[in-house]
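Reader: I am new to this structure and would like a close look at one part of it, the salt bridges. Which residues take part, and where do they lie in the chain?

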Amino acid sequence: MEARHTQDRPPPDRPPQDHPSQDRPPQDRPSVPALVLAAGGGRRLGGRPKALIRYRGRPLIEHALAVARAGGCDRTVAVLGAAGAEVRSTAELGDCLPVDNPDWATGMGSSLRAGLAALPPGASAVLVLLVDTPGVTPAAVARLLAAHAAGAELAAAGYGGRRGHPVLIGAPFFAEALAGAVGDAGARALLAAHPAELRLVECGDVATPEDLDTPADLARWTGAAH
């Protein structure tokens with residue numbers, strides 16, 4: 001989606017909680033499903049699909065879905081790719097809508113396109129969350145939803161003023177996001193094209209942006225070498 005953060009910062013002191021955040025938006029706010037991009041094959045992790053990497057006792061995809069729900073997303077969509085059948089059979093997806101992306105190896109753009117095409121009708125925006133960012137919390141999700149409820153059609157979590165994940169895309173930008181999602185760029189082109197409309201929502205006090213991309217990242221996040 002955008003530049004990855006690779007600082008050697010420690011994970012949050014406390015894991016993201018599954019219960020609703022205090023920042024969670026009320027039920028009368030616009031419908032914003034979460035789109036969890038979980039198709040990656042984990043090439044730099046020895047070919048282990050990221051969706052199935054265990055974090056705090058469960059697969060990363062379960063963790064990401066729980067964060068999205070607890071943050072206030074009313075529905076969830078997950079794009080699967082590498083080992084998609086195994087993810088479906090072993091992970092607890094609940095009421096999530098799984099979407100297969102046969103072109104997952106071409107990059108994140110194809111997963112974003114597949115997910116946007118599968119969004120439920122009536123969504124006023126979508127909250128895009130990467131499966132390999134376990135430091136994102138329900139509070140961060142809730143802040144982006146609140147920004148949308150206040151009028152933002154493009155928003156991204158900020159960490160000390162730097163753009164990170166999650167990202168919120170309003171319905172008026174769905175078509176442009178689809179057209180610009182190529183290769184591994186995700187929504188980067190969309191966000192770059194609309195700096196005036198993009199609202200950076202500071203989340204550095206409630207979440208961390210680092211991803212889980214290498215064995216060193218995995219060891220840092222899980223507290224043990226894998």
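Author: A helix here is a DSSP run of H or I with at least four residues, and helices are numbered from the N terminus. The model is a predicted one. In helix α7, Asp217 and Arg220 are 3 residues apart, about one turn of the helix. Their side chains meet in a salt bridge, with 3.3 Å from N to O. Asp217 has a relative accessible area of 11% and is therefore buried, since the cut-off for buried is under 20%.

This pair is one of 5 salt bridges counted in the model. Another is formed by Arg69 and Asp95, whose closest N and O atoms are 3.2 Å apart. Here the partners belong to distant parts of the chain, 26 residues apart: Arg69 is in helix α1 (residues 60-71), while Asp95 is in the loop between α2 (84-90) and β5 (97-100). Arg69 counts as partly exposed because its relative accessibility is 26%. Asp95, at 62%, counts as exposed.

Arg143 also forms a salt bridge, with Asp205, and the closest N and O atoms of that pair are 2.7 Å apart. Arg143 has a relative accessibility of 23% and so counts as partly exposed. For Asp205 the value is 58%, which means that Asp205 counts as exposed.

Terms used:
Residues are numbered from 1 along each chain as its sequence is written. This is a predicted model: local features need pLDDT of at least 70, side-chain atom pairs count only at pLDDT 80 or more; totals for chains, interfaces and linings use all residues. Side-chain values use heavy atoms; hydrogens and water are left out. A salt bridge is a side-chain nitrogen of Lys or Arg within 4 Å of a carboxyl oxygen of Asp or Glu. Helices (H or I, at least four residues) and strands (E, at least two) are DSSP runs, numbered from the N terminus. Buried means under 20% relative accessible area, exposed over 50%, partly exposed in between (1.4 Å probe, protein chains only).
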